[in-house]
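Good morning, and thank you for making time for this item. Please keep the display open while I speak.

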Amino acid sequence: MFFKNTEDQMELWDKGTDGQSNVPLLHSLPIQRTCDYVLVANKVDDDTNQRSLRQSAFLEELKKKNIAVTEIKFDEKIFFGLRVPSEILENYQYLLKVSDSCNCCREDNGISQANKIRIVNFILNNTFINTGENLEELMRKDVFETMFCLHEKKDQKNLQQKWARWSALFKEQPFDDIKYYFGEKVALYYLWLSWYTKLLIPAAAVGVVIFLYALAFFNTSPLIKEVCDSNITMCPRCDGNKAQSRCKAWQLSDTCTYAKVSHLFDNEGTVAFAMFMAIWATFFLELWKRHRATYVSKWNVYDWCEEEEELIMKIVNDPNCQPKEFRHSYLRSTLVLILVTVMLMLIIGVALAIVVFRVVAAPSISKSEWKFMKDHASTLAVMLGAVLHYVTMQIMTR
C-alpha cells in the first residue's frame, strides 16, 4: 500500500495480486489537504453505538476549534486526518513574539512542522467532550485506537543522507535541520551529546596514558611485590566457634592477582588523573555554556519559558478567547496601590511581631515551673520564633 502523487492529486494505491498492476483503493484526494496528525479508530456500523457517539462528539469539538478533519475509511479502520488552520499558527507566533518570557521570532518561511505537531498534540490532549472525557480516556475505552503524527518525506530523506548513516559518523551534525524537523529540545540534546563526545577525547587520552603507565610498571611495583612475595598469614575472615570450621587462616599472597588488577586502575597516576578530571569538568561546563549560547541565540530561544508557552497554548486552544483592548482605570490603579500598601504593612508588622515575640518569650519561659524550660529559655525562644516564622511564611505565601 502506498501513496501516489499526480500533478494535482494524491491517491492511495495497492499492488495487484500479480505484484505488477496497481489498483486504486480510494478516491483521489487533493494534495493541499495534507495532515499534521492522524487519529485511528475501528469502524463501527451502528451510529447509535456509544463508541460512535463519543467519536462524533470529539471530532465536533475539534471542528469547533477550527481543526480540519479528513475522514478516510480503509478495511476495518477509519483514519481521521487533522490539520491545524493557519489562523491558529499565526496567533501562536504573534503571542510568542509579544510575550515577556518567550519573546522570539520564528522562521520567516513559517512555523516548523515540529511545532505544528506540538500544537495539535496539545489541542488533542486538552479537548473534552460533554461527558468530561479527553482523548486519553477515549483511547482507554477503545473509542480511538491510536494517534500518530506524520513525517515530512523530503525532510526525512535529507536527514537520512546528512545524519542517520555510518558515513556521516565523523561529520558535523546538521543541528539546524534537526531543530526544524524535531524541534529545539531534541536539537539541543544532540548538540550537548556532540559537545560531550568531543570533550571526552582529551579525557580519554589522559586516561589511556595513565593506564599505560600502570601497565609499564606492572612488574616493578613495590606494592605488588610486597603482596605477591609475602609470607604473612592473615586471620580468618569470621569469628566464633562454629565459624572456625568454615573459616581458616589465609595467606596474603593469595590476593596477588587482585592486587595486580587493582594496580592497573588504582595507582600513583590515578591522583593526577583525578586532578585533571576536576579541571576538565570545570572547562567542560564553561565551554558548553558558550557553545550552547551560540545556538540558542541563533534559534531565538535564549529566554524561552515553557510555562509561558503553555499559557499561550491554552489561549490558542480556546476558540472563544478574544483579546481585550487595554484601558487605563484610575479606580483599579488606586485599589491595587491600596492593597499593595496594606500587604506591605502587614508583612512588616508580622516581621516586627516575630522579633518582639523572641524578646518577650525568653523572660516568660524562664519564669516557668519546669526546670528544663528555665535552663533552656533562650534556646526555646529561638526555636519557637523559628517555627512561628515558618508558619507565617507559609500563610503569607498562600
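First, the conventions. This is a predicted model, in which local features need pLDDT of at least 70 and side-chain atom pairs count only at pLDDT 80 or more, while totals for chains, interfaces and linings use all residues. Residues are numbered from 1 along each chain as its sequence is written, and side-chain values use heavy atoms, with hydrogens and water left out.

Next, the overall make-up. The protein chain contains 15 helices and 10 strands; these are DSSP runs numbered from the N terminus, with helices being H or I of at least four residues and strands being E of at least two. Of its 398 residues, 28% count as buried. Buried here means under 20% relative accessible area, exposed means over 50%, and partly exposed lies in between, with a 1.4 Å probe and protein chains only. A contact means heavy atoms within 4.5 Å. Among contacts between residues at least 6 apart in sequence, 60% join residues at least 24 apart.

The UniProt record, an unreviewed entry, lists residues 199-218, 270-288, 334-357 and 377-396 under "transmembrane region". UniProt positions follow the numbering used here, feature names are shortened, and annotations may be inferred rather than shown by experiment. In the model, residues 199-218 are 90% helix and 0% strand, with end C-alpha atoms 29 Å apart. Residues 270-288 are 100% helix and 0% strand, and their end C-alpha atoms lie 26 Å apart.

I turn to the cores. A nonpolar core is a set of buried Ala, Val, Leu, Ile, Met, Phe, Trp, Tyr and Cys residues joined through side-chain atoms within 4.5 Å. The largest one has 30 residues, and those with the most contacts inside it are Leu-39, Phe-58, Leu-62, Tyr-92, Ile-119, Leu-124 and Phe-144. Elements that give two or more residues to this core include β5 (37-42), α1 (50-64), α3 (113-125) and α12 (306-317). Which element provides the largest share of this core? That is α3, with six residues. Leaving aside neighbours within four places in sequence, Ile-119 is in contact with Val-84, Ile-88, Leu-89, Tyr-92, Ile-111 and Met-313. Another core lies apart from the largest one; it has 17 residues, among them Leu-159, Tyr-181, Ala-203 and Phe-284.

Now to α11. This helix has 31 residues and reaches 46 Å from its first C-alpha to its last, close to the 45 Å expected at 1.5 Å a residue; the expected span is 1.5 Å times one less than the number of residues. Its buried residues are Gly-269, Trp-280, Phe-284, Trp-288, His-291, Tyr-295 and Val-296, and they pack against α6 and α7 (184-216). Just after α11, Asn-300 takes a positive phi of about 60°.

Two rings of Phe, Tyr or Trp (its six-membered ring) pair if their centres lie within 6.5 Å; planes under 30 degrees apart count as stacked, over 60 as edge-to-face and the rest as tilted. By this rule there are 11 aromatic pairs. Phe-175 and Tyr-295 form an edge-to-face pair, 5.6 Å centre to centre with 75° between the planes. This pair links distant parts of the chain, with Phe-175 in α6 (residues 175-182) and Tyr-295 in α11 (residues 268-298), 120 residues apart. Both Phe-175 and Tyr-295 are buried. The rings of Tyr-181 and Phe-182 have centres 4.9 Å apart and planes at 80°, so this pair is edge-to-face. Tyr-181 counts as buried because its relative accessibility is 13%, whereas Phe-182, at 37%, counts as partly exposed. Ring pairs link Trp-163, Tyr-181, Phe-182, Tyr-189 and Tyr-190 into a cluster.

Finally, some individual residues. Gln-55 is found in helix α1 and is buried, with a relative accessible area of 7%. Beyond neighbours within four places in sequence, Gln-55 is in contact with Ala-41, Asn-42, Phe-80, Val-143 and Phe-144. As for cysteines, how many disulfides does a search of the whole structure find? With a disulfide taken as a pair of cysteine sulfur atoms within 2.5 Å, the search finds zero.
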